[in-house]
Amino acid sequence: EQLHFCFSYSDGRRELAPATLIDRVKTLFPGCHEQPAATFLSSGGTLQSEQSGFSFLLQSLDGEGALHDALRAHYADHPLYREKLARANALFHAPAARHTLGPSLAKKLYGNTLITTVSRLMTYRECPFRHFAQYGLQALPRPEFKEKRADIGSFSHMALEAFVREMDLRALSYAAITPDEIDLLLDDILEDCLARYKDGLLLATPRMRMLSKFFMQAVRDTAHRLVASIQAGSFLPILTEARFGKDAPLPPVDLPLQNGRAALSGVIDRVDAATVDGRLLLRVVDYKTGDANLRYGELADGLALQLPIYLKAAEAMEGSTPAGMFYQPVREAVAEEEDEEKSAAALRMQGILVEDQAAIDATEYALLGQSQVMARLQKKADGSCGGSAGLIEEDDMRLLLDFAVKRAGEIAEDLLSGRVD
């Protein structure tokens, strides 16, 4: 058993001196010594005054133990803190309220017909209040002339779109172009993109110019991988920055709602096509600087709807068959002295391909073992690709696209109910 004497050096407003009792105890018991409260109290030495003790209690109203019980009893009888503690307890134990604008106000914000993008629906699914503030109230932070994390993604999209467009304008062959020719083409493209991106933001300061070198190297390495993946099969880019929606080349994706109407619009980074036995096979490719993994769990939660919605939009092309959806990682290759396989793996496309031999051959003619084009695709010793995690039956692909549209409709329905919490 131990006996602790506690005293404060402050009452919250002025400095205090210890009571004379403390000096007498030290005289009677020479072996005792002072310790800061933080060494034996979980409060970390915050119990210096009535106010600091009350603040500590408020931070852990549901705390357990002798200290919390003593504090609750003390402040429950304190004439200055009794009512404050009662109000705090009432708020702490009150059921969480669901904040909603109501359907009427939601329609005033978003319109009778909801015209939105899949990215905004995913933002709503992640955080309804963020969606309300950003797209309902249109509350934007003050623009600052400095680079942000999102700039690498925006710049990369701009440069890669320009690269594919220039290949088409100059009628250059993906099959015949050499690595040196790719670099020469990128020299002109990257210089122009740097000058145009946000009025020269990436050239404004020495720090930004240094960062731009990393951005450009990521684009170069990705462009080389992009060409290599196209050379491996018969898919070719047919659309870049493909818009879908009202007055766009591709129609909007209509969402099923119980009340009202919603339609999705957007921009697909790239649409590739391959004609095999009279069928027009389509795959969509989205450039990704961050996490480039497509996870079924996130898709089911409505947090990864972009690729299936993009493929659904591209399917509007007459006579087309949806064959695949992929993220193309945008990043620098691993340094030469490191593992080449690791370097190649980091830049392989991540996604889903229909389990159809024609689609597999169109993706990679000479597939042997691990695919060099896409992750999670392998050819076994018996020549089959069955069981590869990146393959899905054609009927299941259509079910997946329909599920994504249905899930997007459910999220839109929730959004139009006015929920913001």
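**View A. The loop that holds Ala-176.** Ala-176 sits in the loop between helix 8 (149-169) and helix 9. This is a predicted model, and the views that follow should be read as close-ups of that prediction. With a relative accessible area of 54%, Ala-176 is exposed.

**View B. Confidence across the protein.** The mean pLDDT of the protein is 85, and 87% of its residues reach 70 or more. Among the elements of the protein, helix 12 (residues 306-314) has the highest mean pLDDT, 96. At the other end is helix 13 (residues 340-346), with the lowest mean, 68. Where pLDDT is low, the predicted coordinates should not be read in detail.

View C. The side chains of Arg-220 and Asp-183 meet at 3.2 Å, N to O. This pair links distant parts of the chain, as Arg-220 belongs to helix 10 (residues 206-231) and Asp-183 to helix 9 (residues 179-196), 37 residues apart.

**View D. The hairpin of strand 4 and strand 5.** Strand 4 (residues 261-276) and strand 5 pair in the antiparallel sense, over seven bridges. The two strands form a hairpin with two residues between them, and in the turn Asp-277 has a positive phi of about 50°. Within the pairing, Asp-272 stands opposite Arg-283 in strand 5. These two residues also form a salt bridge, their closest N and O atoms being 2.9 Å apart. Arg-283 and Asp-272 are both buried.

**View E. The other neighbour of strand 5.** Strand 5 (residues 279-288) also pairs with strand 6 (residues 320-329); the two run parallel and are joined by nine bridges. To find your place in this pairing, look for Asp-286, which stands opposite Tyr-327 in strand 6. Strand 5 is mostly covered, with seven of its ten residues buried.

View F. Seven aromatic pairs are counted in the model. In the pair of Tyr-75 and Tyr-81, the ring centres are 5.2 Å apart and the planes stand at 75°, so the pair is edge-to-face. Both Tyr-75 and Tyr-81 are buried. Widen the view to take in Phe-54, which forms one aromatic cluster with Tyr-75 and Tyr-81.

**View G. An aromatic pair between strand 2 and helix 12.** Phe-244 and Tyr-310 make an edge-to-face aromatic pair, 6.0 Å centre to centre with 70° between the planes. Which elements do they come from? Phe-244 is in strand 2 (residues 236-244) and Tyr-310 in helix 12, so this pair links distant parts of the chain, 66 residues apart. Phe-244 is buried, as is Tyr-310.

View H. Side chains of opposite charge can pair when their charged atoms come close. Asp-414 and Arg-419 form a salt bridge, with 3.2 Å between the closest N and O atoms. Asp-414 is partly exposed, with a relative accessible area of 21%; Arg-419 is also partly exposed, at 24%. For a salt-bridge network, turn to Lys-312, Glu-315, Arg-398 and Asp-402, which are linked in one.

**View I. A nonpolar patch on the surface.** Leu-3, Phe-5 and Leu-21 form this patch, and together they have about 330 Å² of accessible area. Leu-21 has its place in helix 1 (residues 20-28). At 46% relative accessibility, Leu-21 counts as partly exposed.

Definitions and conventions: Residues are numbered from 1 along each chain as its sequence is written. This is a predicted model: local features need pLDDT of at least 70, side-chain atom pairs count only at pLDDT 80 or more; totals for chains, interfaces and linings use all residues. Side-chain values use heavy atoms; hydrogens and water are left out. pLDDT is the predictor's confidence in each residue, from 0 to 100. Helices (H or I, at least four residues) and strands (E, at least two) are DSSP runs, numbered from the N terminus. Rings of Phe, Tyr and Trp (its six-membered ring) pair if their centres lie within 6.5 Å; planes under 30 degrees apart count as stacked, over 60 as edge-to-face and the rest as tilted. Buried means under 20% relative accessible area, exposed over 50%, partly exposed in between (1.4 Å probe, protein chains only). Two strands pair if DSSP finds at least two bridges between them. Patches are made of residues with over 30% relative accessible area and no salt bridge: like charges are joined within 9 Å, nonpolar side chains (Val, Leu, Ile, Met, Phe, Trp, Tyr) within 5 Å. Accessible areas come from the Shrake-Rupley method with a 1.4 Å probe; for residues, only the protein chains shown count as cover. A salt bridge is a side-chain nitrogen of Lys or Arg within 4 Å of a carboxyl oxygen of Asp or Glu.
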